[in-house]
Amino acid sequence: MIIAITGTPGVGKTTVARKLAEKLGCKYVNLRDFALEKGIGEVKGDELEVEVDELAYFVEKEFKGKNVVLDGHLSHLMPADLVIVLRAHPKTIAERLKERGYSKDKIGENVEAELVDVILIEALDEHENVIEVDTTGKTPEEVVNEILNLINSGIKRRVG
Ligand code: DAT
């Protein structure tokens, strides 16, 4: 099964995806690294601009039928069996991105995206199996355990 961990930058995707893959004993894939490895997209400053369809094609080709956890803010646009949208308080996102040295504009853009549910809406547009998990006040371990419980209970919760 392909599990996509998505969300606004700073929400906790990499932290949660790595731990989840470890617990499930499956492969962890960072989408940005995967794209670079495949020579897809164009690096512009700190950002990698990729054609979503091209990335999805390579993801399908390489991982279809395998057990992987995809980490990236485009992972909900990939062929996935389950999409987990991580959420955090916009203030938390702002603090984390400031620490990362993001510009004021970039921080504002991402805070706004979190506020208006951009990724959740995109994910629900693309997939049936979408779970929203709020990380507020939780440790990464608690978030991972919540996801594992949902997977084990057959994923009956749906948002939207
Ligand atoms: P992203 O990959 O979404 O940009 P990250 O995993 O690189 O995010 O960074 C998230 C930071 O937040 C990291 O320093 C761990 C911290 N954090 C605190 N509580 C968390 C939680 N419940 N879930 C995920 N990360 C959390």
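How many bridges join β1 to strand β6, and which way do the two strands run? The views below take up this question and a few others, using a predicted model.

**View 1. Strand β1 and its partner β6.** Four bridges join β1 to β6, the strand made of residues 82-87, and the two run parallel. To find your place along this pairing, look for isoleucine 5, which stands opposite isoleucine 84 in β6.

**View 2. Strand β1 and its partner β5.** Here you can see β1 together with β5, which covers residues 68-71. These strands also run parallel, and four bridges join them. A handy landmark is alanine 4, whose bridge partner in β5 is leucine 70.

**View 3. Two aromatic pairs.** The structure holds two aromatic pairs. One of them joins phenylalanine 34 and phenylalanine 63, and this pair is tilted, with 5.1 Å from centre to centre and 45° between the planes. Phenylalanine 34 sits in helix α2 (residues 31-38) and phenylalanine 63 in helix α3 (residues 52-63), so their pairing ties together parts that are 29 residues apart in sequence. Both phenylalanine 34 and phenylalanine 63 are buried. Now turn to tyrosine 57 and phenylalanine 58: their ring centres are 5.3 Å apart and their planes meet at 85°, which makes this pair edge-to-face. Is phenylalanine 58 buried, partly exposed or exposed? With 21% relative accessibility, phenylalanine 58 counts as partly exposed, because buried would require a value under 20%.

View 4. Arginine 87 has its place in strand β6. Look next for glutamate 132: its side chain makes a polar contact of 2.8 Å with the side chain of arginine 87. Setting aside neighbours within four places in sequence, arginine 87 is also in contact with other residues, among them Val11, Glu114, Asp117 and Leu120. The list of contacts also includes Val133, Asp134, Thr135 and Thr136.

Technical notes: Residues are numbered from 1 along each chain as its sequence is written. This is a predicted model: local features need pLDDT of at least 70, side-chain atom pairs count only at pLDDT 80 or more; totals for chains, interfaces and linings use all residues. Side-chain values use heavy atoms; hydrogens and water are left out. Two strands pair if DSSP finds at least two bridges between them. Rings of Phe, Tyr and Trp (its six-membered ring) pair if their centres lie within 6.5 Å; planes under 30 degrees apart count as stacked, over 60 as edge-to-face and the rest as tilted. Buried means under 20% relative accessible area, exposed over 50%, partly exposed in between (1.4 Å probe, protein chains only). A polar contact is a pair of N or O atoms within 3.5 Å; within protein, one must be able to donate a hydrogen and the other to accept it, and residues adjacent in sequence count only if both atoms are side-chain atoms. Contact means heavy atoms within 4.5 Å.
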